[in-house]
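Visitor: Could you show me how to read helix packing and ligand contacts in a model like this?
Guide: Gladly; let us look together.

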Amino acid sequence: MSGHGPLQPAVSRASGPLRGEAAVPGDKSVSHRALILGALAVGRTEVSGLLEGEDVLGTGRAMRAFGAKVERLGPGDWRVEGVGVGGFMEPEDVIDCGNAGTGVRLIMGAAATTDLSATFTGDASLRRRPMGRVLTPLAQFGATHAGRRGGKLPLTLTGAQSPLPVSYLLPMASAQVKSAVLLAGLNAPGETSVIEPEATRDHTERMLRGFGAEVSVEARPEGGKIIRLQGRPELRPQKVAVPRDPSSAAFPLCAALIVPGSEVLCPRVGINPTRAGLFLTLQEMGADLVFENETVEGGEPAADLRARFSGNLKGIEIPPERAPSMIDEYPILAVVAAFATGETVMRGVKELRAKESDRIAAMEAGLRACGVTTESDEDTLIVHGRGAGDVEGGGFVICHLDHRIAMSHLVLGLAARRPVTIDDFGAVGTSFPGFAPIMAALGAQIALA
Ligand code: S3P
């Protein structure tokens, strides 16, 4: 939906110790892909553990608008009757992807090589975000678009009538752009390839293979990968078990690391190496964070993650090449860094400026309002840690419709001296419905203000 109702302020206050299990919802990235590939397969795909957040529900509605049958059978259990590669119908109305960059960019890719026109929009945050990064490669397939200047939503995309396969070198580390190209390549004859200089999350490649597409991945001697897809496969419907979202688990786990006396377990969380950079970083900072019972869930590695407060986190420098594997986790890492001793230096993070908000600016404003010193340039964020128990808090934080900015500052308030207020809790539902009750069950004091 392109915007929600009145702002809903919320406040978090010193809590703890936090104790117990936090069963976080399904992975957002995997959930979007399960619905889209289900819609492009011939026959009935069954998804369990689907994230029922606003972003993914929007993708489900979009798949219906393109002709797939999408039904909810029970909590997290969904059935998709796909229309096959090239089988999308022209939607009768505007496709509103709400807050979801992943949703709109992947769906535009999936639609770009079918003979139809579709108009896309989103909320105020999504309408500010760059779409040129997918429109450029989609034009090489033969798709055209008309819309606002600068490639901003709303825009109408007209799919190629006679699509050509494409070989595309990613100009930025973006799994969304890579995925849009691969999804467009499904309905182009011959081989479509994407060269990614830096490895980004690989859920699309894994799931395409699971649905029966021919996908090869080759490491490049100079780093990164070449992903090749043979066009026009018949995708076979699958049973997809969505792992729990490591990006959501990050919030209760990081809360446990900064609230004295805490111990929190997040069961069966996805730990795909292209997503697990935060956990490695926390361990390097000295966090007591362990992986238990490693297993595989829906083609993705998963584990139980246990975090315990230790009170001796140290600031570190995070190498820029790790950024793609933890890109959504810098906001909560910046909070943990405030409770560490010394500086935490995050380099190579300019992509944070193109997220649901400019996350470098939003985190700096929020942390400073809570008594934490920060520095930044276009591509860097530095947090001057104050050590465990020495963060003032008390700030009023503007979230800019960004769920991760909201949750990060609510976690900060649990370990700060004074309560932290955010301007709007509404955005949290885009990725983590159940955040409030799950945190409350651990002992966190978070309430609507
Ligand atoms: C995502 C890719 C990342 C990430 C987003 C989900 C995906 O975006 O930030 O939350 O599912 O492909 P970029 O592709 O813009 O890096």
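Predicted model: local features only at pLDDT ≥ 70, side-chain atom pairs only at ≥ 80, totals over all residues.

Guide: Residues are numbered from 1 along each chain as its sequence is written, and side-chain values use heavy atoms, with hydrogens and water left out.

Visitor: At what angle do helix 5 and helix 6 pack?
Guide: Axes are lines fitted to C-alpha atoms, for helices over the stretch in contact, and angles run from 0 to 180 degrees between N-to-C directions. Helix 5 (residues 132–141) packs at about 20° to helix 6 (residues 175–185), with the axes 9 Å apart. Helix 5 is therefore roughly parallel to helix 6 (angles under 35 degrees).

Visitor: Which residues of helix 5 and helix 6 meet?
Guide: Contact means heavy atoms within 4.5 Å. On the helix 5 side are Arg133, Val134, Pro137, Leu138 and Phe141, which meet Gln176, Val177, Ala180, Val181, Ala184 and Gly185 of helix 6.

Visitor: And how do helix 9 and helix 10 cross?
Guide: The axes of helix 9 (residues 277–284) and helix 10 (residues 330–338) cross at roughly 10° and come within 11 Å. Leu278, Thr281 and Leu282 of helix 9 meet Ile332, Leu333 and Val336 of helix 10.

Visitor: Which side chains have an N or O atom by a ligand oxygen?
Guide: A polar contact is a pair of N or O atoms within 3.5 Å. A ligand oxygen is 2.7 Å from such an atom in the Ser29 side chain, and one is 2.6 Å from such an atom in the Arg33 side chain. From the backbone, an N or O atom of Ala175 lies 3.0 Å from a ligand oxygen.

How values were computed: Helix = DSSP H or I, 4+ residues; strand = E, 2+ residues; numbered from the N terminus. Parallel < 35°, antiparallel > 145°, perpendicular 65-115°, else oblique. Polar contact = N/O pair within 3.5 Å; in protein donor to acceptor, adjacent residues only side chain to side chain.
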